[in-house]
Amino acid sequence: MVIKGESLIGGQAHGTALRLDAPISFWGGVNPQTSAVTLAGHPQEGMKISGKMLIIDRLIGSSSSSAVMLELLYNGIGPAALIIGTKDAILPVGALVAQQMQWSLCPVIIAEGIPFQSGDKLTLNDNKLTRIRTADAPREQ
Amino acid sequence: MTIHLTPYENAVLKGETGNTGTRMAMEIVVGAARILGADALLPVVSAHIDGCLYHGDSGVLYCEKLAADGAKVSVPSTTNVGALNLLKPEQVRIPPDRRRMAFRLMEAHRRMGCRPSWTCAPYQAGARPTRGAQIAWGESNAVAFANTVLGARTNRYGDFLDIACAITGRAPLYGLHKDENRFGTLILDVSGLDMRLLREDVFYPVLGALVGRLAGQCVPVITGLEQSAPQEDQLKALCAGAASTGAAALIHITGITPEAPDIETATGTIPAQTLETIRITPQMIAATRDSLSLASGDTIDSVALGSPHFSVDECRAVLRILDGRATAVPVFICTGRHVMDALAQSKCDTQLSRLGIEFVVDTCVVVTPILPENGKTMMTNSAKFAHYTKGNTGHDPVFGSLKECIESAVAGRLIRDEALWS
């Protein structure tokens, strides 16, 4: 299954999807030293976003979340890619600065109604997001 | 979407003019414009930089790279608070390595030519953009004040993008820079409230907190404040409250906001009668006031004032209410050097200090560890402090009027003025 979105920061990425099922502010909600979701009561509390194809339908909160995003990428524990459902500059600006500082590349794509779930294997190629295996499909040998 | 750049902007991007620091800043502004869907950049005449508060080493390295690569701000740029009181370093309890990084971050901004104002109320420290001025400001309360009270035009520019705009003198052309996004889309009518309440300082932060929650993604229009003619510090408290509990960056207040002489002008091309109107009731105000306090009982461990940074008038009001009495619990007034200089001229600062007031300058008590370590409860007259205290410091807020705060500080326990809300 392939969906097309708008590429905000171009690039390629590959990995396992993690979908944040409730809005989150990275500032106060994600630990920049561990990449774990720390917001009490969040459905993904305790999960690490490092290396994940991170799907976020709705972003909220402080503009200092840019700083948390940059710190994650600086520490080498950022998400593999950001897949966002609504236009928002806060997290993508963190990714943009990391790119300029040549720390790590975290491509960003915006697409409405992203159909993918946590555990799906995804590949991102600029504006094209492909599911290569669903979460519950048996692993190929 | 293609972004149309001017020959100058293109030349900076290609490295044909300017230094490499400016080039990186331009890359970031253009990149942000692409992310935001803007099709051009817009010249700005001033900047207020929120990015001088330490959140981690990466932000420090970013600003130091800009500075080392020769970047300088190209428009007058004030700085928001840092994580340190540079005049009294021992006031902030942070480990030496973090202290060093927090200082390097503030220094990098100074090196790039920012005016080291270290205040969240730049509009009371000489930075007063005129009506219609296009600016790139950070710090949510300052953004709301600039749009609402001064009629200047800015979005909320956060970390990294703020300094990039200051260096390039450009911002992405989107959002509140454009006429059509500034029209009011939700009407909040306060004309049903008692005029006595509307004259009280304590009403304004509470109204702000309520407006922030009601507004959501709308541009609210408050109508019914014309008769009470709120003063600048009251408007400051209203804007800060609205920008803390919500995302409000522009609040039309009819009769006060330059673009809002009346409701019809504030809503522009949108017919006002098609918009939702919410009548604000005394019950809504009381419920919002109560929501700003998390502590119960009458114990107070400290009082914190000055979010946004206290003005000279507000400091003088504290001196008046104290009337020579000393405080029994620590009272922090967070403010800027512009206020300290003015207070020193009339010796107000020493009079306040003698009565137990501790000044917090260049920073504030909810962004860096200053509040008493063993304390649990902090009283404040600021909706913004009340909103952020629990998450940032662990202290439970108690919200009250300035008079209630000072009387409580003198008594060493919570004192309520029941007449205020009856």
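Okay, let's start with Ser311(B) and what it touches. Setting aside its neighbours within four places in sequence, Ser311(B) is in contact with Gln124(B), Asp233(B) and Val339(B). Keep in mind that this is a predicted model. Where does Ser311(B) lie? You'll find Ser311(B) in the loop between strand E10 (302-305) and helix H12 (312-322) of chain B. And is Ser311(B) buried or exposed? There are 22 C-beta neighbours inside 10 Å, and the cut-off for buried is 20 or more, so Ser311(B) counts as buried. Now look along the chain to Asp301(B), ten residues apart from Ser311(B): the two C-alpha atoms are separated by 24 Å.

Staying in chain B, let's go to a sheet. It's an open one with four strands, in the order E8-E7-E6-E9, and the pairing is parallel. The edges belong to strand E8 (252-253) and strand E9 (277-279) of chain B; each has a single partner strand, so one side of each is left without a neighbour in the sheet. Further in, strand E6 (residues 186-189) and strand E7 (residues 220-223) of chain B pair in the parallel sense over four bridges.

Next, a pair of helices in chain B. Helix H5 (residues 140-150) and helix H9 (residues 232-245) have axes that come within 8 Å and cross at roughly 125°. That makes H5(B) and H9(B) oblique to each other, and the crossing is right-handed. Who meets whom? On the H5(B) side we have, among them, Val143(B), Ala144(B) and Phe145(B), and on the H9(B) side residues including Leu235(B), Cys239(B) and Ala240(B). Sorted by class, the residues of this contact come out as nine nonpolar, four polar and one charged.

Okay, on to where the two chains come together. How many residues of chain B are in contact with chain A? The count is 21 residues of chain B, against 19 residues of chain A. Helix H2 (20-36) and helix H3 (57-68) of chain B each supply at least two residues of the side that touches chain A. H2(B) gives the most to that side, with eight residues. Overall, the side of chain B that touches chain A has eight nonpolar, eight polar and five charged residues.

Let's zoom in on H2(B) and its partner. Helix H2 (residues 90-100) of chain A packs with H2(B) at an angle of about 145°, with the axes 10 Å apart, in a right-handed crossing. H2(A) puts in Pro92(A), Val93(A), Leu96(A), Val97(A) and Gln100(A), while H2(B) brings residues including Met24(B), Ile28(B) and Ile35(B). By class, this contact has eight nonpolar, two polar and one charged residues.

Last stop, chain A and its strand E7 (residues 121-125). E7(A) runs antiparallel to strand E3 (residues 12-20) of chain A, joined by five bridges, with Gln12(A) partnered by Asn125(A). Five bridges also join E7(A) to strand E8 (residues 128-133) of chain A, again antiparallel. There, Leu122(A) has Arg131(A) as its bridge partner. E7(A) and E8(A) form a hairpin with two residues between them, and Asp126(A) in the turn has a positive phi of about 50°.

Technical notes
Residues are numbered from 1 along each chain as its sequence is written. Chains are lettered from A and ligands numbered from 1 in the order in which they are written. This is a predicted model: local features need pLDDT of at least 70, side-chain atom pairs count only at pLDDT 80 or more; totals for chains, interfaces and linings use all residues. Two strands pair if DSSP finds at least two bridges between them. Two residues are in contact if their C-beta atoms, placed from the backbone, lie within 7 Å. Ala, Val, Leu, Ile, Met, Phe, Trp, Tyr, Cys and Pro count as nonpolar, Asp, Glu, Lys and Arg as charged, and the others, Gly among them, as polar. Axes are lines fitted to C-alpha atoms, for helices over the stretch in contact, and angles run from 0 to 180 degrees between N-to-C directions. Angles under 35 degrees count as roughly parallel, over 145 as roughly antiparallel, 65 to 115 as roughly perpendicular and the rest as oblique. A crossing is left-handed if the near helix is turned anticlockwise from the far one by less than a right angle, and right-handed if clockwise. A residue is buried if 20 or more other C-beta atoms lie within 10 Å of its own, exposed if 12 or fewer, and partly exposed in between; C-beta atoms are placed from the backbone.
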